[in-house]
Amino acid sequence: MATFSLREFDAQAGRIILINPSFDFDSYPPIGERLVSVLSATIIEKQSDADLHSWLLDFEGCQLFLRAEHYSETMWIEALSPQAGCEELQYLTKLFAIGIG
């Protein structure tokens with residue numbers, strides 16, 4: 001069974017919402033790192049706020065945010081702007097549609 005799969009793709013907003021393992025604020029980092037590893041992406045920067053992890057990633061030369069909100073246990077990937085990363089998001093959507101990890 002896949003660890004990460006597609007819940008929703010909002011092309012206008014440049015956002016992929018994932019179906020992912022359950023997590024809380026403290027247990028998220030290994031889950032996020034697993035996804036980054038599976039995608040062969042690189043973490044550029046990590047930021048943690050009260051309820052949100054925001055990681056800036058490099059995925060095949062495209063910068064994307066990986067975000068995780070622990071109250072809803074939701075993870076999503078989003079472009080820096082709705083127009084940026086369109087091809088990469090479409091590619092990732094196809095991967096998540098079949099499930100990865």
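Contact here means heavy atoms within 4.5 Å. This is a predicted model, where local features need pLDDT of at least 70, side-chain atom pairs count only at pLDDT 80 or more, and totals for chains, interfaces and linings use all residues. Residues are numbered from 1 along each chain as its sequence is written, and side-chain values use heavy atoms, with hydrogens and water left out.

**View 1. Leucine 35 and its contacts.** Leaving aside residues up to four places away in sequence, leucine 35 touches Phe4, Leu18, Leu66, Met75, Ile77, Phe96 and Ile100.

**View 2. The largest nonpolar core.** A nonpolar core is a set of buried (under 20% relative accessible area, 1.4 Å probe, protein chains only) Ala, Val, Leu, Ile, Met, Phe, Trp, Tyr and Cys residues joined through side-chain atoms within 4.5 Å. This core has 24 residues, and Leu35, Leu39, Leu66, Met75, Ile77 and Phe96 touch the most other members. Among the elements giving two or more residues to the core are helix 1 (28-38) and strand 5 (62-69); helices (H or I, at least four residues) and strands (E, at least two) are DSSP runs, numbered from the N terminus.

View 3. Strand 1 is joined to strand 2 by 5 bridges, and serine 5 has isoleucine 19 of strand 2 as its bridge partner.

**View 4. Threonine 93 in helix 2.** Threonine 93 sits in helix 2 (residues 86-98) and is buried, at a relative accessible area of 11%. Beyond residues up to four places away in sequence, threonine 93 touches Leu6, Phe9 and Ile16.

Notes:
Buried means under 20% relative accessible area, exposed over 50%, partly exposed in between (1.4 Å probe, protein chains only). Two strands pair if DSSP finds at least two bridges between them.
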